[in-house]
2 protein chains.
Amino acid sequence: MTDINTLSAREALATNLRRLRSERGLSQEALADLAGVHRNYLGGIERRERNVGLDNLERLARALGVSVSELVATA
Amino acid sequence: MTDINTLSAREALATNLRRLRSERGLSQEALADLAGVHRNYLGGIERRERNVGLDNLERLARALGVSVSELVATA
């Protein structure tokens, strides 16, 4: 089990999101369109400013082809 | 990778939450107190009625001693 005290969930999500998006060659705008969320909202997530709801986590995970679990993984 | 199309994130969360809570012998009220969320809110999560924010997912995961990733895992 990953130590969840070493990295906050928002930080883990932001890190994973930027990495997965970059690996797929997607801009914030392109991923936002794919996931059906606003590009400004996605920017806010990557800056750890937003308390993302589970439904949007699922939309982002589907758009990236990963599980929600992978999207929030800390390892 | 788990097929995220077979089980919604809310359903996975509700299933994991009930299982983990039960394994620890915690009532909804006891877990709510531990996590710092309202007992009615926790009940709503277990009924898949709430779009839980990432910050509360992290509070619940910490209270249960698991990672956020484990809390939303579909396998």
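Modeller: Helices (H or I, at least four residues) and strands (E, at least two) are DSSP runs, numbered from the N terminus. Axes are lines fitted to C-alpha atoms, for helices over the stretch in contact, and angles run from 0 to 180 degrees between N-to-C directions. This is a predicted model, in which local features need pLDDT of at least 70, side-chain atom pairs count only at pLDDT 80 or more, and totals for chains, interfaces and linings use all residues. Residues are numbered from 1 along each chain as its sequence is written.

Colleague: Why are H4(A) and H1(B) called oblique to each other?

Modeller: Helix H4 (residues 54–64) of chain A and helix H1 (residues 9–23) of chain B pack at about 120 degrees, with axes 9 Å apart. Angles under 35 degrees count as roughly parallel, over 145 as roughly antiparallel, 65 to 115 as roughly perpendicular and the rest as oblique. H4(A) and H1(B) are therefore oblique.

Colleague: Which residues meet in H4(A) and H1(B)?

Modeller: Leu54(A), Leu57(A) and Glu58(A) meet Ala9(B), Arg10(B) and Leu13(B); contact requires C-beta atoms, placed from the backbone, within 7 Å.

Colleague: What is the relation between chain A and chain B?

Modeller: A rotation of 180 degrees with 0.0 Å of shift along its axis superposes chain B on chain A, RMSD 0.0 Å, by least squares on C-alpha atoms of residues with pLDDT of at least 70 in both. That is therefore the relation of a two-fold axis.

Colleague: How do you know that the same surface serves both copies?

Modeller: 100% of the contact residues of chain B recur in chain A.

Notes. Chains are lettered from A and ligands numbered from 1 in the order in which they are written. Two residues are in contact if their C-beta atoms, placed from the backbone, lie within 7 Å.
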